[in-house]
Amino acid sequence: MTTALGEKIKAIIQANGPISVTDYFSLCLADPEHGYYRTREPFGRSGDFVTAPEVSQIFGEMIGVFIVHAWQRHGTPTGVRLVEIGPGRGTMMADMLRVISRIAPPLFDAMTVHLVETSERLRDVQSQTLEPHGERITWHDGFDEVPPGFTLIAANELFDAIPIRQFIRMPTGFRERMVGIDADGELTFAAGVAGLDPTLLPEPVQNVPVGTLFEISPARQAVMMAICERLRAFGGTALTIDYGHLVTGFGDTLQAVRMHEFDPPLAHPGEADLTSHVDFQQLAETALAAGLHLNGALHQGDFLTGLGILERATALGRDRELQTQQVIQTAVERLAGAGEGRMGELFKVMAVSYPAIDLMPFRPVD
């Protein structure tokens, strides 16, 4: 079975030769005609995957608590810009705003909210979700359009949708992994000619078996750099949450999800969500190189527990019927539980600040 975008990609390859994994990734998500984010409703039960804010309101509430804490640690500045990059349906922001209004009215009254969103369709959904806050919300196509001022940033599952480059270990060293066409006219992976600077690898190339994959994402580092430059200019904190690993390593993490099931990445271009794991060490190194303070990086479960998700769940369930309490409990386990395949372990949370401040629940970095 082929897709409209699959045919388009084959035509591009036939005309110009194999394309890089980065270009394939970009086309799958953002092709103006057939790209996944242009044509699909990716989120929720009817979509292809469920994000943490849709599991329970508690997730966004905890992020709201963190934002208030950061604002207080920064000395309660005025003229705050609260920014979310890639806000999905607006669910997380709605939950954040509810908490901020309750526990920090001075922040709530004086801040403006900025959503960085390129999809018109998702903007419509977000404006419905956030209708009560209509006056204070502005949408932007790009992060650079957010007006000057002290900045607090939240980004949930932003980086995993930014394309990666993949390199494969060949007998002669690492070569860029490409997407080409096989003898049957189907899309296939192939090795290209571009090499990789060996200093980027976590260990010397001669120790790595042939066929091993290494991933790097200059595009993610560029987004991180833009966030850091903003914080250096105006002060603030950025919190990023994504699935990935805390230490750079080898391996193929390119994956497609279609109708809540894993799908081969080349099988249904444009009809499946394409992502890869985020390398938090690379993002942290980018932030440190930009002169920012790294508050730390934690498993999502440790982050949420440290912020008081268990206490919040208890309060939320108080005087409710048993079934509601069980729903809340299940959600907390899904968001914060450790163990194989659980969000609490798969997802990582990293915060960076300027100027340097200590932030709960991250432990001060020595």
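Does Cys-28 belong with the buried or the exposed residues, and what is its relative accessibility? Select Cys-28: at 2% relative accessibility this residue counts as buried, where buried means under 20% relative accessible area, exposed over 50%, and partly exposed in between (1.4 Å probe, protein chains only).

The model is predicted: local features need pLDDT of at least 70, side-chain atom pairs count only at pLDDT 80 or more, and totals for chains, interfaces and linings use all residues. Residues are numbered from 1 along each chain as its sequence is written, and side-chain values use heavy atoms, with hydrogens and water left out.

Next, select Cys-228, which is buried because its relative accessibility is 0%. A search for disulfides (cysteine sulfur atoms within 2.5 Å of each other) returns zero in this structure.

Now show the whole chain as a cartoon. The protein has 14 helices and 16 strands, taken as DSSP runs numbered from the N terminus (helices H or I, at least four residues; strands E, at least two). The C-alpha trace spans about 65 × 45 × 40 Å along its principal axes.

Colour by burial: 54% of the 366 residues count as buried. Then display contacts (heavy atoms within 4.5 Å). Of those with a separation of 6 or more, 76% join residues 24 or more positions apart.

Switch to the surface. The accessible area is about 16100 Å², with 54% of it belonging to carbon and sulfur atoms; the method is Shrake-Rupley with a 1.4 Å probe, and for residues only the protein chains shown count as cover.
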